[in-house]
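I opened the model to look up a few things and kept notes as I went. The entries follow in the order I made them.

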Amino acid sequence: MAVLCLLAACWADRHLAFLRPYGATGFSLLAMIGCLAGMIVLTLCMGLGSWPRIQHLAIRYRSLHGYIGITTGSLLAMGFLAGTVTLFATPLQEWSQPRLPASETIPLTDIPSVLNHLSDMEHGHYRATDHQYRLTLTSPVSARLSLPAAPELPLGRPAAQILVTQPQAGTVQLYQLVPSPVPAVIGGLHRRMGLPLPESWAMPLVGLICFFYGLALLSGIILLLPGIWRTLMTVRLEGHARRFWLDLHSLLGLYSLPFQLVIALTVALFALAPLLPTGPGLRNSPPTTTGPASRGAAFPESGAGNSPPTTTGPASRGAAFPESGAGNSPPTTTGPASPLPPAVILTQMQAFAPDFRPLTLDYVPALHMRDNLATRQSLHAPLYDASGFHGLPPSGQPYLLLEGTDPRNPLIGRDRGSILLDPHTGTILDSQNLPGRQPLARRILTWCLALHFGSFGGEFVRWLYVILGLCGVGFFHTANQLWLNSHRRRIPGQPAPVETSATLWTARLSEGSLSGCLLGLCGLMVLSPLMSHLHPVTSLTDAVPHDPEQARQEASLTFYALVALSLASYCLFPRRVCRGMILALSAACLSTAVVIVTLHHMMTRTSALEELTMAFAIASLCLWYGAFHVIRSRR
């Protein structure tokens with residue numbers, strides 16, 4: 001039913017004119033909501049029906065619920081565990097890198113002069129109009145200036161960069177910063193649920209798994225909840241082990257049910273919608289106009305001593321004012337040779353969107369990298385497009401990408417609100433990813449992304465999502481234990497059930513994979529500060545070449561090697577010994593990471609990094625306690 005609804009949405013987007021403003025993504029979401037409603041009605045009929053045939057079908061449905069859980073539970077548990085870490089992707093990136101030089105902050109008014117000094121130092125081989133540079137705002141009047149080695153894709157891997165500092169007025173000092181690939185690797189593990197497959201192969205499988213995951217959630221609610229309602233708030237520690245796992249599984253499932261339904265539906269949407277012929281973000285053509293109010297508008301104060309762009313036809317993308325007409329031909333801009341000063345851009349942005357808080361400004365020249373499906377697959381980047389339905393402008397158009405947050409509106413990811421501008425004139429090229437100024441279809445997709453990433457409600461929601469994510473890991477682990485306890489062989493006269501070969505190896509593989517994922521993530525935490533480097537360079541040509549693909553492969557191989565070590569130990573040794581050993585190794589890795597970062601920084605610089613250090617320290621203490629408890633126990 002879901003596949004038919006998605007195909008119908010694709011056909012309707014092409015042939016029904018009145019649905020085209022909503023796009024394939026918005027209509028696909030509505031179609032999947034209708035499909036979900038049909039599944040709920042079907043499940044209600046099966047669970048509440050009184051006919052013998054429906055009751056017999058309900059018994060089969062309960063069996064289906066169990067088999068879906070045991071086949072997908074381990075992958076979902078690894079996805080939830082890695083996803084909990086990705087909530088701190090941006091702080092983890094800063095947490096991993098060494099302390100930056102004290103002169104990294106440059107006043108915004110000095111940025112043009114610093115770029116001129118850099119060009120003089122490079123003997124004219126460097127021009128700001130020919131290279132990308134980034135301004136990371138540290139305050140409303142100062143920023144950190146860097147030169148990325150290549151344009152970065154949204155939510156992709158970080159590139160090596162050259163930091164430009166100003167120790168004294170009229171002087172420039174360069175540092176090469178190689179960021180850690182670990183946060184991006186963990187993000188990829190979360191999207192692929194730990195599967196060692198390419199992104200384009202893993203995403204359809206992940207989408208199907210999440211469809212079955214949502215079906216198992218609904219079947220558990222409708223069919224199993226009425227029978228355990230009286231004992232729902234009780235966890236019976238004594239007696240049969242199956243009762244304990246059933247009580248814990250039901251309690252965790254009930255408390256995290258809305259969160260898990262949101263995750264199941266949004267992951268299915270992200271994984272399958274981009275694979276449709278008209279899915280968002282996969283077209284290589286330049287963006288089309290959606291009206292003068294959303295594309296082609298200029299800032300209200302875009303004068304500021306700069307003339308608006310001249311066009312050779314009706315105004316469309318790059319129109320000077322919202323009141324100008326919308327057409328189909330792109331403009332030919334004749335703006336000034338040098339970009340607008342960042343202070344002017346920020347002033348205009350404040351007048352245009354008062355609630356938007358810019359974080360970074362990327363000045364990208366005309367010869368930039370295309371953002372398309374092939375590039376994303378080669379870079380292992382997400383298949384959905386965080387910068388808009390149609391990606392970045394064509395390679396002949398320079399642009400300025402402003403990214404930031406908006407406390408009043410949801411964002412894509414945690415810091416993915418953005419707007420594309422012409423750097424010479426301040427003309428808006430694309431505002432469909434600006435929070436609060438999106439078309440309806442994009443707004444629907446943004447809400448889905450916000451619900452998935454928890455990018456609303458500030459730090460409270462972030463930590464709430466951490467708790468719910470860990471509850472999800474426990475939910476899937478208890479589901480596996482419940483299935484194993486119910487399928488062990490019971491022999492008359494013996495108090496405890498006997499392991500069969502199927503339950504024995506299923507238990508070893510399911511627990512071994514989850515423990516290996518925990519050990520692998522903690523091992524990556526140790527590698528993360530060791531894979532980030534900062535060293536001074538005398539010129540841009542002296543920068544050491546950096547291969548981010550090799551660094552990513554090294555981190556991925558480390559993770560999968562630790563998972564393989566965990567699986568091998570669970571196959572060779574008793575599970576209790578392996579459980580204590582893996583917990584102790586994970587605690588040792590996380591404690592080592594905290595010590596390395598503390599020695600690197602001597603003291604973390606911001607409240608976010610201090611919170612992350614404290615969170616990792618508390619997590620390592622919990623792991624140490626769990627390891628000692630398992631070693632002391634006899635079960």
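This is a predicted model: local features need pLDDT of at least 70, side-chain atom pairs count only at pLDDT 80 or more; totals for chains, interfaces and linings use all residues.

Residues are numbered from 1 along each chain as its sequence is written, and side-chain values use heavy atoms, with hydrogens and water left out.

Entry: the whole protein. I found 17 helices and 10 strands. Of the 635 residues, 52% are buried. I then looked at contacts, meaning heavy atoms within 4.5 Å. Among those between residues at least 6 apart in sequence, 71% join residues at least 24 apart.

Entry: strand 5. I picked strand 5, residues 173-178, and found five of its six residues buried, so the strand is largely enclosed by the rest of the structure. For pairing I used the rule that DSSP must find at least two bridges between two strands. Strand 4 (residues 161-165) runs antiparallel to strand 5 and is joined to it by five bridges. Here Val 164 lies opposite Leu 174 of strand 5. Strand 10 (residues 533-537) is also antiparallel to strand 5, again with five bridges. I noted one partner there: Gln 176 is bridged to His 535 of strand 10.

Entry: burial of helix 6. Which residues of helix 6 are buried? My list reads Val 182, Pro 183, Val 185, Ile 186, Gly 187, Gly 188, Leu 189, Arg 191 and Arg 192. That is nine of the 11 residues, so helix 6 is largely enclosed by the rest of the structure.

Entry: helix 6 against helix 14. Axes are lines fitted to C-alpha atoms, for helices over the stretch in contact, and angles run from 0 to 180 degrees between N-to-C directions. Helix 6 (residues 182-192) packs on helix 14 (residues 501-530) at about 160°, the axes being 10 Å apart. This makes the two roughly antiparallel (angles over 145 degrees; under 35 is roughly parallel, 65 to 115 roughly perpendicular, the rest oblique). On the helix 6 side I listed Val 182, Pro 183, Val 185, Ile 186 and Leu 189, and on the helix 14 side Leu 521, Leu 524, Met 525, Leu 527 and Ser 528. By class, the residues of this contact are nine nonpolar, one polar and no charged. Nonpolar here covers Ala, Val, Leu, Ile, Met, Phe, Trp, Tyr, Cys and Pro; charged covers Asp, Glu, Lys and Arg; the others, Gly among them, are polar.

Entry: helix 6 against helix 15. The axes of helix 6 and helix 15 (residues 548-572) come within 10 Å and cross at roughly 55°, which makes the pair oblique. Val 185, Leu 189 and Arg 192 of helix 6 meet Arg 552, Ala 555, Ser 556, Phe 559 and Tyr 560 of helix 15. I counted five nonpolar, one polar and two charged residues in this contact.

Entry: What sits in the loop between helix 6 and helix 7 (199-224)? I looked up Met 193, whose place is in that loop. Met 193 has a positive phi of about 55° although it is not a glycine. Its relative accessible area is 5%, so Met 193 is buried.

Key:
Buried means under 20% relative accessible area, exposed over 50%, partly exposed in between (1.4 Å probe, protein chains only). Helices (H or I, at least four residues) and strands (E, at least two) are DSSP runs, numbered from the N terminus.
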